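Subject: Handing over the structure, with notes on what was found

Dear colleague,

Please find below the structure that I promised to pass on to you.

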Amino acid sequence: MSERQRAAKRHAAQAGFINGGRPPFGWQPGLRVADSAGRTGRRLEPHPVEHLALKDAVTLVLTGAGLREVAVHWQTRYGITGPEGGLVSEQKVRAALVSPRMVGYRQHQLPPHRRGVRVDPLDYIARTSDGEPVISQEPVCDLDTWRRVQAALRSRSTGIRNGWGTRAWLLTGLLRCPCGGPLAGVAQPQKPDADGHRVVRYAYRCKANRRYGAGTCTGGASITAPVAEQYFIDWLFEFFSSDRLDAHNRKAESANLAAVVRIDAERSVAGEELDALRGKASSLTVTSELHQIITGMIAHVQERIANLHDERVTLTIEYPEPLTHEQLVAVWPTLNNESRRTLLRQLIHHIDLAPGRGGPAERLNIVLHAED
């Protein structure tokens with residue numbers, strides 16, 4: 001980012017203006033205004049529904065309610081749901097409540113989340129030249145109340161609830177329940193033993209009933225995470241050392257070639273369509289209505305050709321070379337969890353989990369991209 005862009009963002013923050021991006025929960029962009037220094041921009045203003053929902057959440061948390069109870073209240077009273085129509089996730093509720101926006105502060109240069117690393121959000125707010133916090137929008141509560149909310153959330157948190165914490169979940173996004181929904185990593189603290197030691201059970205579990213109501217998922221499948229992950233790692237290394245890898249690579253290469261042939265055929269047809277439209281447009285008066293319509297059609301065809309070009313580049317220039325068993329053995333210990341999941345997604349479409357209490361070999365069905 002250039003120094004000019006940094007300066008523009010800094011000035012916008014000091015003026016309390018938003019700088020693009022998705023509006024935070026509870027607020028919406030207001031009209032463009034000018035501040036005392038002559039700078040113009042848009043500030044956040046309360047969302048007519050979400051701002052009230054945040055005020056209710058403060059009251060609920062301070063009276064002992066949990067994050068899921070807040071999400072249920074939002075759904076039943078305000079109709080606020082998650083992206084798939086279920087409850088807003090507890091993580092989203094917490095993120096809204098711990099934000100300094102709750103007291104009207106303008107967040108600025110908040111670092112990206114890193115697993116296991118905590119930051120004080122008050123260290124990342126915009127301040128005036130005198131060092132005072134910038135008040136950029138109408139607050140939900142005052143600073144003292146907000147601090148009480150933070151204390152209440154910390155007092156009830158185990159740090160590992162709903163899969164939070166420092167554990168890496170290798171199979172996230174790959175495992176599927178018999179109901180067709182994704183399985184989520186969940187940390188389940190067990191009852192303390194005689195010495196007061198609390199064992200935590202890590203599992204992948206379907207949350208459809210919890211998110212969408214009882215009866216949504218009739219399978220109710222779950223599997224212990226360490227067992228499933230070790231089975232899968234063993235399977236992966238065995239797969240890379242067998243003849244199946246060569247067969248899979250041949251299938252993938254064949255499918256890739258077929259996709260390239262399809263794209264080239266579609267580009268050829270689109271090119272002919274573009275030439276015909278351009279020829280038609282050249283015979284019309286530029287100011288005519290039909291010329292404007294055809295010009296719009298030309299733009300759509302050009303966009304389609306550009307998308308096909310990008311898709312072809314991905315299938316050819318950017319297509320990853322297949323790993324060998326020796327390369328996998330050498331690189332696997334050096335990869336972080338996200339890199340390992342990226343590698344797995346290149347190979348695997350999904351993993352079906354059958355219901356029951358059998359071992360992973362009996363319950364896990366791995367579907368490769370070439371077999372999907």
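Predicted model: local features only at pLDDT ≥ 70, side-chain atom pairs only at ≥ 80, totals over all residues.

Taken together, the three strands make an open sheet in the order β4-β5-β6, with antiparallel pairing. Because β4 (183-189) and β6 (222-224) stand at the edges and each has a single partner strand, one side of each is left without a neighbour in the sheet. From one strand to the next, the twist averages 30 degrees. Helix α7 (residues 225-240) packs on this sheet, where it touches β5 and β6, and its direction makes about 80 degrees with that of β6.

There is another open sheet of three strands, this one in the order β3-β7-β8, and its pairing is mixed. Its edges are taken by β3 (175-176) and β8 (364-368), each of which has a single partner strand, so that one side of each is left without a neighbour in the sheet. Strand β7 (residues 348-353) is joined to β8 by five bridges, and these two strands run antiparallel; within that pairing, the bridge partner of L353 is L364 in β8.

Which strands of this sheet does α7 touch? Helix α7 packs on the sheet by touching β7 and β8, and its direction makes about 45 degrees with that of β8. Helix α11 (residues 337-347) packs on the sheet as well, touching β7 and β8, with a direction that makes about 90 degrees with that of β7.

Helix α3 (residues 67-78) and helix α4 (residues 90-98) pack at an angle of about 95 degrees, and their axes are 9 Å apart. Since angles of 65 to 115 degrees count as roughly perpendicular, that angle makes α3 roughly perpendicular to α4. On the α3 side the contact is made by L67, R68, V70, A71 and W74, and on the α4 side by E90, V93, R94 and L97. Sorted by class, the contact of α3 with α4 has six nonpolar and three charged residues, and no polar ones.

Which residues of α9 are buried? They are H291, I294, I298, V301, L308, V313 and L315.

Finally, a few words on the chain as a whole. The chain has 12 helices and eight strands, and buried residues make up 35% of its 372 residues. Of the contacts in the chain with a separation of 6 or more, 58% are accounted for by residues 24 or more positions apart.

Technical notes: Residues numbered from 1 in each chain as written. Heavy atoms only, no water. Axes fitted to C-alpha atoms, helices over the stretch in contact; angles between N-to-C directions. Helix = DSSP H or I, 4+ residues; strand = E, 2+ residues; numbered from the N terminus. Parallel < 35°, antiparallel > 145°, perpendicular 65-115°, else oblique. Contact = heavy atoms within 4.5 Å. Nonpolar A, V, L, I, M, F, W, Y, C, P; charged D, E, K, R; others polar. Buried < 20%, exposed > 50% of the residue type's maximum accessible area, 1.4 Å probe, protein only. Pairing = 2+ DSSP bridges.
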